[in-house]
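Here is a friendly briefing to read with the model open beside you. It goes through the sheets and then turns to the ligand.

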Amino acid sequence: MKIIKVKDKIEGSQKAFEIMTESMANGSKVFGLATGSTPTELYKNFRESDVDFSNMISINLDEYVGLDENDEQSYRTFMKQQLFGEKPFKMSYVPNGKASDLEEEAKRYDAIIQEHPIDIQILGLGTNGHIGFNEPGTPFESTTHVVQLTNSTIQANKRFFEKEEDVPTTAVSMGIDSIFGAKEILLMAWGEDKAPAVKAMIEGEINEDMPASILQKHNDVVVIIDEAAASLL
Ligand code: GLP
C-alpha cells in the first residue's frame with residue numbers, strides 16, 4: 001500500500017484527480033466509481049476540468065435496493081448530479097436496485113465487470129471498515145451480491161435522507177473479490193471518524209471483520225488520507 005498523507009480533503013482530492021488523469025493518460029478505459037461524501041471533491045475537480053470521458057466506461061460499486069434509478073436518493077441520481085450530468089461516459093453502469101430478481105441482477109453485474117475489467121477503482125471507507133457495501137464478515141471471495149446493511153451503516157447514511165425510516169436496509173454491492181480484481185485501487189478517507197478504520201485497514205490483521213484490510217494484499221493500492229484520518233497511525 002502506498003500511503004499519501006495530505007492536509008485536508010481539498011489537497012487529497014487534487015492528488016486523486018492527478019492520479020486518475022495520469023491513469024487515463026496511461027490508457028485506462030474503465031473507472032470503478034464510488035458514492036458517499038468522500039469522492040465529492042474529486043468529482044467537482046472532474047466537473048471543472050476539461051477531461052473527456054466519452055470513450056470511457058464507468059462501473060459503480062453499489063445501489064440501494066428498492067429505489068428507482070430516478071429516486072432522489074438513489075446512487076444513480078447521486079452520480080448524475082455529481083458527475084455524469086456534466087461529464088458523460090460512453091456507458092455508465094450502476095446496479096439496478098429495482099430488479100425483480102436481485103440474484104440475477106448480481107450475476108448480470110458480475111458479467112459486466114468481467115467484460116470490462118476495472119482499470120482504476122475509487123473507494124471510500126465505512127467507519128466500520130466496509131468498502132462498497134461489503135459489511136464486516138463478508139467473505140473475501142464474494143462477488144456482486146445482495147447485502148443487509150448494518151445498523152452502523154444505516155446510522156451513518158441517514159444524513160442523506162429525511163428520516164431514518166427512509167434509509168433502505170438492503171443494497172446490491174460489488175463483492176470484495178470484484179473490487180480486488182481492479183488493476184489499481186485508490187482509496188480516500190477524510191476526518192477523524194475514519195481514523196480507527198484507517199488504522200485497522202493499514203496496520204491491523206487481514207481479517208473479514210475488517211473488509212478493507214484485504215487491500216494490504218493488492219499490489220497496486222494508493223491510500224490518500226487527511227491528517228485527521230491518519231491521526232491514529
Ligand atoms: C457508503 C458507501 C460506500 C462509501 C462509504 C463511506 O455506505 N456504500 O461506498 O465509501 O459508505 O461513506 P462516506 O464517503 O459518506 O463517508
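Helices (H or I, at least four residues) and strands (E, at least two) are DSSP runs, numbered from the N terminus, and two strands pair if DSSP finds at least two bridges between them. With that in hand, seven strands make an open sheet with parallel pairing, in the order β1-β10-β9-β6-β2-β3-β5. This is a predicted model, in which local features need pLDDT of at least 70 and side-chain atom pairs count only at pLDDT 80 or more, while totals for chains, interfaces and linings use all residues. Residues are numbered from 1 along each chain as its sequence is written, and side-chain values use heavy atoms, with hydrogens and water left out.

**The seven-stranded sheet**

- At the edges you will find β1 (2–6) and β5 (91–93), each of which pairs on one side only.
- Neighbouring strands here are turned by 15° against each other on average, direction ignored; axes are lines fitted to C-alpha atoms (for helices over the stretch in contact), and angles run from 0 to 180 degrees between N-to-C directions.
- Four bridges link strand β2 (residues 30–33) with strand β3 (residues 57–60) in the parallel sense.
- Look for Phe31, which stands opposite Ser58 in β3.

**The three-stranded sheet**

- Three strands form another open sheet, with antiparallel pairing in the order β4-β8-β7.
- Because β4 (62–64) and β7 (145–148) are edge strands with a single partner strand each, one side of each is left without a neighbour in the sheet.
- β4 runs antiparallel to strand β8 (residues 170–173), and three bridges join them.
- Glu63 stands opposite Val172 in β8.

**The ligand and its surroundings**

- Asp62 has a polar side-chain atom 2.9 Å from a nitrogen atom of the ligand.
- In Lys194, a polar side-chain atom lies 2.6 Å from a ligand oxygen atom.
- The side chain of Asn157 has an N or O atom 3.1 Å from an oxygen atom of the ligand.
- Taken alone the ligand exposes 390 Å², and the protein buries 95% of that; accessible areas come from the Shrake-Rupley method with a 1.4 Å probe, and for residues only the protein chains shown count as cover.

Technical notes
A polar contact is a pair of N or O atoms within 3.5 Å; within protein, one must be able to donate a hydrogen and the other to accept it, and residues adjacent in sequence count only if both atoms are side-chain atoms.
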